[in-house]
Number of protein chains: 2
Amino acid sequence: MKDGPVIAAVAALLGDPARANMLTALMDGRALTASELAGEAGVGLPTASGHLSKLEAGGLVSVEKQGRHRYFRLSGSDVAAVLEGLMGLADRTGAVRTRPGPKEPALRAARLCYDHLAGERGVALLDGLRRRGVLAERDGDLAPTAAGRAFLCDFGIDLGPLAGKRRPLCRACLDWSERRHHLAGSLGAALLTRMAELSWLKVGETGRVVAFTPSGEHGFAEVFGGDAPAHGRAGR
Amino acid sequence: MKDGPVIAAVAALLGDPARANMLTALMDGRALTASELAGEAGVGLPTASGHLSKLEAGGLVSVEKQGRHRYFRLSGSDVAAVLEGLMGLADRTGAVRTRPGPKEPALRAARLCYDHLAGERGVALLDGLRRRGVLAERDGDLAPTAAGRAFLCDFGIDLGPLAGKRRPLCRACLDWSERRHHLAGSLGAALLTRMAELSWLKVGETGRVVAFTPSGEHGFAEVFGGDAPAHGRAGR
DNA sequence: TTCATGGTTCGATCATGGCCGAACCATTTG
DNA sequence: CAAATGGTTCGGCCATGATCGAACCATGAA
């Protein structure tokens, strides 16, 4: 009887279509301006401004003003995680679901969840890392093994600066479309940016669909796919 | 732009204080009648009835009629998981938080999350199971090892009937108060009921606080606590 | 059968809150 | 400086939806 209202407050924030649209637009981790978000939500600027103040007051988004723009982003990956959870529920309960839309399959294949990879590819990544012994459970949490550190270093990821931060290095995040976990945390984010550096993937200009390049498909299969711990090549 | 509204629909369902109260009251996995839920929510019977129809239509609760009563329960543990997620957000963003309340610490120590154990004890349980090699990651999902099956059998849990079901055997569920995972899935539920059978714990009449008995404290520490894989004896 | 109880439906009331146009503020550019 | 652009505030309009009393239905008990 005490926590009901408190969750209702934040849920109500997510319960308005305009605000929900804004938040899902922010799920790719980018920071967007108020006018862009107004466009995403399909409402006027004054309305959007009001919504954004509420979201900020509710602690769901954080704002950064730069010149005459105000950039909004999700205040943390936990917000994205809850949004993913809600999508899972909406999916299971078959909520309205007007039309599947052509980008739906692409979304299920690979998408951004705040700042890391989600969808089929996201869970495949975590699977591969575990199968290769790069990550393992320790003290009840996911952590890189000694061999894993070397593997990640080879892949071009420096764990040093990631370690000391408040944000956890590895976190399992429930994927709404796959109903399995994918890798979140600062390592998940680092892997995504590294793959982008390697031109393995491109994040879509619009939405949070992630497209793999041909060389990315190949490289991903080689490095994370298959099931042999593979020293040299691992595909097929 | 299409999935915003769909999550908004389900979030709006959670966004009303009365409904949120009802759902949190159901989080202990019990089935409650409409009048009980009306009481929990602090609202009249007609109002409660309306809310419950909406929740049912939205697929968040399922109903079972028995005589002249109608029993409502959460439609699945994923609903509870999203509620836990929302509590985590509400906690982090410091939403209103009227007064901590005396039962808060007890809630953090041990509580029900739908039908399994959560809170400090819940994550300790999962930690212990992993540390003892009872559960391990396989194919990217948590599963009991061969040795683990024996351990669980010793503890009085028959995995046979749990295996074939649609519901996953093991699932990691994010704990809002601990920010770590605890064990959900049918095994999580089975462990809880077994501990209740052993009189290790009692689920509070009201709310979802779980109280450990003195013998339960001792047994839990012996079987799941510590870090020694403990020789022969396990439970009972 | 009649009565009592759990629950739903209906109708009316009322508050909340989303929405936009217009005016206003702030920052950059010319 | 003035003009232009991004954003907020204000006022009023309007739709949604939460709420309850009263009447109604269904089940079980007397």
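Two strands pair if DSSP finds at least two bridges between them. Strands here are DSSP runs of E with at least two residues, helices are runs of H or I with at least four, and both are numbered from the N terminus.

A word on the model before we start. It is predicted, so local features need pLDDT of at least 70 and side-chain atom pairs count only at pLDDT 80 or more, while totals for chains, interfaces and linings use all residues. Residues are numbered from 1 along each chain as its sequence is written, with chains lettered from A and ligands numbered from 1 in the order in which they are written.

**Exercise 1. Work out how β7 of chain B pairs and which of its faces is covered.**

Step 1: find the partner. Strand β6 (residues 135-138) of chain B runs antiparallel to β7(B), and four bridges join the two.
Step 2: pick out a facing pair. B:Arg138 sits opposite B:Asp141 in β7(B).
Step 3: sort the faces of β7 (residues 141-144). B:Leu142 and B:Pro144 are on the covered face, with B:Asp141 and B:Ala143 on the uncovered one.

**Exercise 2. Trace the partners of β3 in chain B.**

Step 1: start with β1 (residues 32-33) of chain B. This strand pairs with β3(B) in the antiparallel sense over two bridges, and B:Thr33 stands opposite B:Tyr71.
Step 2: go on to β2 (residues 61-66) of chain B. Its pairing with β3(B) is antiparallel too, over six bridges, and here B:Lys65 faces B:Arg70.
Step 3: look at the turn. β2(B) and β3(B) make a hairpin with two residues between them, and B:Gly67 in that turn has a positive phi of about 60°.

**Exercise 3. Describe how α2 and α3 of chain A pack.**

Step 1: get the geometry. Axes are lines fitted to C-alpha atoms, for helices over the stretch in contact, with angles from 0 to 180 degrees between N-to-C directions. The axes of α2 (residues 17-25) and α3 (residues 34-41) of chain A come within 8 Å and cross at roughly 120°.
Step 2: list the contacts (C-beta atoms, placed from the backbone, within 7 Å). From α2(A), A:Ala18, A:Asn21, A:Met22 and A:Ala25 meet A:Leu37, A:Glu40 and A:Ala41 of α3(A).
Step 3: sort them by class. Ala, Val, Leu, Ile, Met, Phe, Trp, Tyr, Cys and Pro count as nonpolar, Asp, Glu, Lys and Arg as charged, and the others, Gly among them, as polar. That contact has five nonpolar, one polar and one charged residues.

**Exercise 4. Which residues and elements surround DNA strand C?**

Step 1: count. Taking a residue as near when its C-beta atom, placed from the backbone, lies within 6 Å, we get 20 residues around DNA strand C, the closest being A:Gly44, A:Pro46, B:Ser35, B:Pro46 and B:Ser49.
Step 2: name the elements. Two or more residues each come from α4 (45-57) of chain A and from α3 (34-41), α4 (45-57) and β3 (69-74) of chain B.
Step 3: find the top contributor. α4(B) gives the most, six residues.
Step 4: classify. The surface has seven nonpolar, nine polar and four charged residues.

**Exercise 5. Now do DNA strand D.**

Step 1: of the 21 residues around DNA strand D, A:Thr33, A:Ser35, A:Pro46, A:Ser49 and B:Gly44 come nearest.
Step 2: the largest share of this surface, six residues, comes from α4(A).
Step 3: the classes are seven nonpolar, ten polar and four charged.

Conventions
Two residues are in contact if their C-beta atoms, placed from the backbone, lie within 7 Å. A residue is buried if 20 or more other C-beta atoms lie within 10 Å of its own, exposed if 12 or fewer, and partly exposed in between; C-beta atoms are placed from the backbone.
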